[in-house]
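Hi,

Here is the structure I promised to pass on to you. Have a look at it first, and then read on for what turned up in it.

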Amino acid sequence: KEYKQISESTQLVMIEFNGQTTEVETEVANTTTFLVRTLSDNNYNLVAKIKKFDLNVNTPQGRIEMSSEKNDSTDIFSTILANIKDETFGIVMTKTGKITKITNIENLWRNAINKFDNIPLLQREQLSAQMEQSYSGDQVKGNIEFVTAIFPDKPVEVGDTWKVETKLTTGMNALATSTYTLKEITDSDILI
């Protein structure tokens, strides 16, 4: 069965350099589908596809907007995001939402960039290396896990709280600790 995940997040990073503090706000919105290929006692073997990807960065120098939905051939990054739409990569996920393995992510970026036949090969290779470094398996793993690893590792009841730690590697390493509370269970939904 295939499941769709729609996520939106905003991250505010304060960077201090030479006594100056700079704020950088990043907004990410994406839609990803996950097709369950196999299921074992502990893991789901999934095939993932990015269906939509928007990335906006607000800096003191201005706002940069990139979107897989933008149809502008002069906007290289948006075109790359458009090129990764519907490309597949593999995920192994535990039943609590932790990601244990990501496969084929490097090919995703390489294939998207190689579609630019109007850019010289050397430039495409450099761009591909930059994308693979910025969005490697570890970065993608952390980003996906940040929104999927929300489930407790033991049974809980309404009102119970649990914590989940996620390693994020996006230029710098971070450990995110999120606290979740089971608020309500209805016939059709679980509110966390």
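Predicted model: local features only at pLDDT ≥ 70, side-chain atom pairs only at ≥ 80, totals over all residues.

Asp-86 sits in the loop that links α1 and β5.

Asp-86 is not a glycine, yet its phi is positive. Asn-104 is another case: its phi is about 70°, and this residue is not a glycine either. You will find Asn-104 in the loop between β6 and α2. With 34% relative accessibility, Asn-104 is partly exposed.

Now go back to α1 itself. This helix is mostly covered, with seven of its nine residues buried. Among them are Phe-77, Ile-80, Leu-81 and Ile-84, and also Ser-78, Thr-79 and Asn-83.

Ile-80 leads us to the inside of the protein. In soluble globular proteins, nonpolar side chains tend to be buried together. The largest nonpolar core here has 29 residues, and the members that touch the most others are Ile-80, Phe-89, Ile-91, Ile-102 and Ile-144. Several elements give two or more residues to this core, including α1 (76–84), β5 (88–94), β6 (99–103) and α4 (137–148). Which element gives the most? That is β3, with six residues. There is also a second, separate core of five residues, which includes Trp-162, Val-164, Tyr-180 and Leu-182.

Next, look at the start of the chain. Strand β1 (residues 2–17) pairs with β2 in the antiparallel sense, over 16 bridges. To see the pairing for yourself, find Ser-7, which stands opposite Asn-30 in β2. Two residues lie between the strands of this hairpin, and Asn-18 takes a positive phi there, near 50°.

Finally, some nonpolar side chains are on the outside. Phe-151, Val-158, Ile-185, Ile-190 and Ile-192 form a nonpolar patch on the surface, and together they have about 460 Å² of accessible area. Ile-190 belongs to strand β10 (residues 190–191). Because its relative accessible area is 59%, above the 50% cut-off, Ile-190 is classed as exposed.

Enjoy exploring!

Best wishes

Key. Residues numbered from 1 in each chain as written. Heavy atoms only, no water. Core = buried A, V, L, I, M, F, W, Y, C linked by side-chain atoms within 4.5 Å. Buried < 20%, exposed > 50% of the residue type's maximum accessible area, 1.4 Å probe, protein only. Helix = DSSP H or I, 4+ residues; strand = E, 2+ residues; numbered from the N terminus. Pairing = 2+ DSSP bridges. Patch = residues over 30% accessible without salt bridge, like charges linked within 9 Å, V, L, I, M, F, W, Y side chains within 5 Å. Areas by Shrake-Rupley, 256 points an atom, 1.4 Å probe, with all protein chains shown as cover. Salt bridge = Lys/Arg side-chain N within 4 Å of Asp/Glu carboxyl O.
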